[in-house]
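Before you read my comments, please open the model and keep the sequence beside it. The points below go through the fold one part at a time.

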Amino acid sequence: MLIRMAQHEWLQKADTSIAGFVSEYYNFFYFPTPIEIHLDGKVTVTRPNACVFSAPKVARGFHFPVDTKMHWIHAYKEIEPFLEKYDIPLNCVFYPESTGFISELFQKMMQERLLDDAHKDEMLDSYTVEFLVKLSRATHSDRVCGVSKADQKKMRSIRWSLMEHPEKNWTIAEMAQRLS
């Protein structure tokens, strides 16, 4: 089993703090609103949609200036190979390109933990892996040749046109015109 606990929309009241603590688990936190994070001796005031995946025994603390519905998981050390495989940033604040999947998957994880259905552990692990894959894609999406999502879409369209009409003598100028 990869995770110990998952929480969807955990409410932290405004002007509250969680003092520096050290955990024996890997911890992921998603903060849709700005907060102050104390992580391994560094203080960061975040922008909206900040994420942190911290390793065991790394000191962390939070201050919530406004009401914040955060999402979090506590994961066992068995998650380590997945964090490495999917190149998940550790012990730093990061901002995935998209975050909508987090709420949806954490809600599923939380429901699965509350139900005592057959194959519960397998479902939790599958949701966890899905979360890590989507987090990796959202975090590293700019790696694709440094090209924006909009230009990637245009380039896919041009590639499709080339494949649909191989008989056409395409020029660089025509392809560049379609891209602009």
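What follows is a set of numbered points on a predicted model, beginning with the sheets and ending with single residues.

1. **The five-stranded sheet.** Five strands form an open sheet in the order E1-E8-E3-E6-E9, and their pairing is antiparallel. Strand E1 (3–12) and strand E9 (93–94) stand at the edges with a single partner strand each, so one side of each is left without a neighbour in the sheet. Onto this sheet packs helix H2 (residues 100–114), which touches E1, strand E3 (26–31), E6 and strand E8 (68–75), and whose direction makes about 120 degrees with that of E1.

2. Is E8 largely enclosed or largely open? Seven of its eight residues are buried, so the strand is largely enclosed by the rest of the structure.

3. **Gln-7.** This residue has its place in strand E1. The relative accessibility of Gln-7 is 15%, and because the cut-off for a buried residue is under 20%, Gln-7 counts as buried. Leaving aside residues up to four places away in sequence, Gln-7 touches Met-70, His-71, Trp-72, Phe-106 and Met-110.

4. **The four-stranded sheet.** A further open sheet has four strands in the order E2-E7-E4-E5, with antiparallel pairing. Its edge strands are strand E2 (16–21) and strand E5 (42–45), each of which pairs on one side only. On average, and with direction ignored, neighbouring strands of this sheet are turned by 10 degrees against each other. Within the sheet, strand E4 (residues 36–39) and strand E7 (residues 60–64) run antiparallel and are joined by four bridges, and the bridge partner of Ile-37 in E7 is Phe-62.

5. **Ser-17.** A reader who wants to locate strand E2 may begin with Ser-17, which has its place there. When residues up to four places away in sequence are not counted, Ser-17 touches Phe-62 and His-63. Ser-17 and Ile-35 are 18 residues apart in sequence, and their C-alpha atoms are 9.9 Å apart in space.

6. Lys-57 has a relative accessibility of 65%, and because exposed means over 50%, Lys-57 counts as exposed.

7. **The helix pair.** The axes of H2 and H3 come within 10 Å and cross at roughly 170 degrees. Because angles over 145 degrees count as roughly antiparallel, H2 and H3 are described as roughly antiparallel to each other, and their crossing is left-handed. The residues that make the contact include Phe-101, Leu-105, Phe-106 and Met-109 of H2, and Met-123, Leu-124, Tyr-127 and Phe-131 of H3.

8. **The nonpolar core.** The largest nonpolar core has 38 residues, of which Phe-28, Phe-53, Ile-73, Met-109 and Phe-131 touch the most other members. Two or more residues are given to this core by each of E1, E3, E4, E6, E7, E8, H2 and helix H3 (120–140). Which element gives the most to this core? The answer is H3, with six residues.

Technical notes
Residues are numbered from 1 along each chain as its sequence is written. This is a predicted model: local features need pLDDT of at least 70, side-chain atom pairs count only at pLDDT 80 or more; totals for chains, interfaces and linings use all residues. Side-chain values use heavy atoms; hydrogens and water are left out. Two strands pair if DSSP finds at least two bridges between them. Axes are lines fitted to C-alpha atoms, for helices over the stretch in contact, and angles run from 0 to 180 degrees between N-to-C directions. Contact means heavy atoms within 4.5 Å. Buried means under 20% relative accessible area, exposed over 50%, partly exposed in between (1.4 Å probe, protein chains only). A nonpolar core is a set of buried Ala, Val, Leu, Ile, Met, Phe, Trp, Tyr and Cys residues joined through side-chain atoms within 4.5 Å. Angles under 35 degrees count as roughly parallel, over 145 as roughly antiparallel, 65 to 115 as roughly perpendicular and the rest as oblique. A crossing is left-handed if the near helix is turned anticlockwise from the far one by less than a right angle, and right-handed if clockwise.
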